[in-house]
Amino acid sequence: MAFLVIIILTFSILKGGVDVRSSFSSITLTSSNTTTNCATSSSTQLKVYMYDLPKRFNIGMLIKTPYQDLPPVTVQTLPPWPKNGLKQQHSVEYWMMASLLDTPIGDDGSNREAVRVFDPNLADVFFLPFFSSLSFNTHGHNMTDPDTKFDKQLQVDVLKFLRESDHWKRSSGRDHVIPMHHPNAFRFYREEVNASILIVADFGRYSKVLSNLSKDVVAPYVHVVDSFMDDNSSDPYESRKTLLFFRGRTERKDGGKVRSKLVPILKDIEDVVYENSFVTEEGINMSIHGMRLSKFCLHPAGDTPSSCRLFDAIVSHCVPVIVSDNIELPYEDELDYTEFSVVFSVEEALTKDYMVNQLRQISKEKWLNMWRLLKQIAHHYEFQYPPKKEDAVNMLWRQIKHKVPATKLAVHRTRRLKVPDWWRRKR
């Protein structure tokens with residue numbers, strides 16, 4: 001290296017116009033640990049600053065004291081998430097917050113994609129621990145419920161908090177991470193945070209201006225059925241007698257109308273189960289049993305393009321059959337879903353006998369390969385505390401980390417521009 005530097009300097013001096021002191025100074029700064037505006041951390045972990053919000057914005061809704069300004073949550077005051085099917089599906093916000101609260105004894109943090117920092121100047125992103133999905137489910141699930149005013153007031157209060165934050169002002173919220181997993185979460189003022197990195201289930205109820213793949217992250221639902229931990233059959237293909245399985249609501253809105261249209265197509269087929277059911281303990285147990293005895297599990301769109309059944313199928317090692325034209329999937333820059341699932345358009349699925357006949361043509365060998373891959377990737381869909389390597393919450397933080405370069409570019413350009421963004425003007 002030294003020899004190369006000498007050669008370069010000698011050539012430059014012969015050409016003239018070189019300040020030798022400047023050249024050496026530049027080389028020294030580049031090779032040292034001196035912090036500059038362009039310096040990057042040697043750590044690959046995402047550095048996250050989490051706002052300290054009063055508990056009424058998050059776990060206060062779990063411990064039945066949502067309207068008191070109790071101190072911010074700590075690892076000592078974090079309650080366990082109650083097992084509740086409907087609310088559990090959208091509890092991504094809880095698991096993300098929990099992952100930042102504490103590093104347990106014996107955990108050196110090497111398995112974590114994100115680490116909490118207490119100096120905001122060191123942060124790559126800022127996390128807002130507002131449980132907007134739980135707020136909707138708690139204070140206004142029926143949309144016209146009088147308690148909806150509490151959900152709306154929480155959104156007003158959290159917006160006020162953000163607008164008073166210097167960190168928010170500095171980036172206009174672009175480097176802020178806001179979970180909004182339920183399709184109706186933050187529904188009154190979501191346009192006010194549309195520059196932020198939103199954690200969503202899909203884009204069914206968002207305009208392209210508000211939410212899109214370029215800046216936001218698609219998160220899996222938290223699965224409702226128990227994971228199939230001892231799936232060790234010597235011949236799983238033969239032991240799973242049902243070809244195609246579905247239990248769930250068959251009457252849904254919007255894209256979910258396909259569910260009712262599938263009823264006459266799939267009924268009365270001997271090795272196909274297509275049943276209407278609701279989320280009850282008994283219903284969940286029947287789904288667990290049915291999925292574990294099925295080769296394929298149907299995932300038609302719900303009220304929005306996604307639903308929990310895809311992730312229930314994955315942790316049951318039942319090959320998902322996706323019928324949803326507008327669905328976006330978690331971690332798709334890292335996982336190829338066609339390797340462990342089967343996808344049909346709505347038109348294909350509603351063509352009589354087409355979908356079932358296509359499934360019957362999938363060979364035992366191909367199905368076994370998909371089943372083995374499901375067993376290998378199922379841990380990517382497990383939400384747990386403390387988090388484990390490449391589990392769901394770590395995968396989400398890694399997805400967020402992928403968004404950081406574009407976020408920083410947008411923030412830096414906005415600070416520099418003296419006129420409205422010329423790139424957006426018609427040319």
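1. Helices (H or I, at least four residues) and strands (E, at least two) are DSSP runs, counted from the N terminus. With that in hand, in strand β8 the bridge partner of Leu244 is Val272, and β7 and β8 run parallel, joined by five bridges.

2. On the source: this is a predicted model, where local features need pLDDT of at least 70 and side-chain atom pairs count only at pLDDT 80 or more, while totals for chains, interfaces and linings use all residues. Residues are numbered from 1 along each chain as its sequence is written, and side-chain values use heavy atoms, with hydrogens and water left out.

3. The overall tally is 15 helices and 11 strands. Buried residues (under 20% relative accessible area; exposed is over 50%, partly exposed in between, with a 1.4 Å probe and protein chains only) make up 50% of the 427 residues. Taking contacts (heavy atoms within 4.5 Å) with a separation of 6 or more, 67% are between residues 24 or more positions apart.

4. As a reminder, strands of a sheet pair through backbone hydrogen bonds, either parallel or antiparallel.

5. How many of the residues of β7 are buried? Seven of the seven are, so β7 is largely enclosed by the rest of the structure.

6. Thr242 is worth a look in the viewer. It sits in strand β7 (residues 242-248) and counts as buried at 16% relative accessibility. Leaving aside residues up to four places away in sequence, Thr242 touches Asp271, Val273, Leu293, Ser294 and Lys295.

7. On to β9 (residues 294-300), which pairs with β10 (residues 319-323) in the parallel sense over five bridges. Phe296 has Val319 as its bridge partner in β10.

8. Which cysteines does the disulfide join? The structure holds one disulfide (cysteine sulfur atoms within 2.5 Å), and it joins Cys297 to Cys318, S to S 2.1 Å. This pair links distant parts of the chain, with Cys297 in strand β9 and Cys318 in the loop between α11 (309-315) and β10, 21 residues apart. The link of Cys297 and Cys318 is right-handed, with 105° about the S-S bond. Cys297 is buried at a relative accessible area of 2%, and Cys318 is buried at 0%. Another cysteine, Cys308, is buried too, at 4%.

9. Two helices to check for length, using an expected span of 1.5 Å times one less than the number of residues. Helix α6 (residues 148-163) has 16 residues and reaches 23 Å from first C-alpha to last, close to the 22 Å expected. Its buried residues are Thr148, Asp151, Leu154, Gln155, Asp157, Val158, Leu159 and Leu162, and what covers them includes α5 (132-139), α7 (166-171) and β4 (176-179).

10. Helix α15 (residues 392-416) has 25 residues that should span 36 Å, and its end C-alpha atoms are 37 Å apart, which agrees. Where does α15 bend? The bend is about 35° at Val404, and a proline, Pro405, follows within four residues. Here the bend at a residue is the angle between axes fitted to the seven residues ending there and the seven starting there.

Conventions
Pairing = 2+ DSSP bridges.
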